[in-house]
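Look at the model before reading on.

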Amino acid sequence: MARDEVAVTGTQLLDRAVAILKFLGDIGQNGATMAMIGDALGLKQPTAHRIITALERHGLVDRERETKRYRLGLALFAMGAAAADGTGLRVLARPALMRLSAATGDSVFLMARAGFNTVCVDRQQGSYIIDSLTGHIGGQIPMGVGPASQAILAFLPSAEAAVIVATNAPHYKQYAPLTERRVKDALAAVRQNGYAVDHGELVAGISAIAVPILPPGRDAVAAIAINLTSARLTEERLPTLVNMLQSEVRQIEASLNPLDEPRLGSAAAAMVSPRR
């Protein structure tokens, strides 16, 4: 019984440590005092002190002496960079992002799946400077929000995609007019067209196009997206941008080594075929 109690306590401490890191990530450069962190997460002072001290010892959070505020530590940046480069995808995709940005003048993003979210792994700023939903490298949004995450989500196994959409449905309210029904409809369109597009529905005046990266024999885990002003996404220009994205993505896919298993089944292959 004692072992089970220790295990539960350890799990709770881990969950609280992760919650603190996420909270500091949301707070950003202003940081937060230990009291602010404890109040925001409902932690007692001794518990907050114990966890934050451990995180600081490992370099995962840093404390500014003058303000006594905590911020995410550079050790997290190093870990994040290692995670982003772990598959080699970031290195492979960087030339594609640079070529697309240079050719279009628009901002290009490499987005990857992180559990129920999509994270910005890399970006190349164009001459037309606009903001994005993720805001910066490392920024995250719920899967289902925005063309990049929809491009990935559409080519996941249907049962898995359904769980993700249902789980993230409450978060979609923050991105009105997005709803669970609209996400499902968008995924059907992505499967048919092979790309995802947003004509300024999420952020007025800003549009985006995304194409999924589908390595042979592996899950859809990433997408490349172009963000641009809605005025620059004309009906005449859309096919050109899609073709450019697909051409770059195919080169990346060809460079990614397929795993021995599992191979794409006939159903998955059929899903991919509209884009080929």
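Q: Which residues in α9 do Leu89, Leu92, Ala93, Ala96, Arg99, Leu100, Ala103 and Thr104 in α5 meet?
A: This is a predicted model, where local features need pLDDT of at least 70, side-chain atom pairs count only at pLDDT 80 or more, and totals for chains, interfaces and linings use all residues. Residues are numbered from 1 along each chain as its sequence is written, and side-chain values use heavy atoms, without hydrogens and water. Contact means heavy atoms within 4.5 Å, and helices are DSSP runs (H or I, at least four residues), numbered from the N terminus. The α9 partners are Leu241, Met244, Leu245, Glu248, Gln251, Ile252 and Ser255.

Q: How many nonpolar, polar and charged residues has the contact of α5 with α9?
A: Ala, Val, Leu, Ile, Met, Phe, Trp, Tyr, Cys and Pro count as nonpolar; Asp, Glu, Lys and Arg as charged; the others, Gly among them, as polar. The contact of α5 with α9 has 10 nonpolar, 3 polar and 2 charged residues.

Q: Are α5 and α9 roughly parallel or roughly antiparallel to each other?
A: Helix α5 (residues 89-104) packs on helix α9 (residues 238-255) at about 160°, with axes 10 Å apart. Angles under 35 degrees count as roughly parallel, over 145 as roughly antiparallel. The two helices α5 and α9 are therefore roughly antiparallel.

Q: Does Ala151 count as buried or exposed?
A: Ala151 sits in helix α6 (residues 147-153). Buried means under 20% relative accessible area, exposed over 50% (1.4 Å probe, protein chains only). Ala151 has 0% relative accessibility, so Ala151 counts as buried.

Conventions: Axes are lines fitted to C-alpha atoms, for helices over the stretch in contact, and angles run from 0 to 180 degrees between N-to-C directions. Angles under 35 degrees count as roughly parallel, over 145 as roughly antiparallel, 65 to 115 as roughly perpendicular and the rest as oblique.
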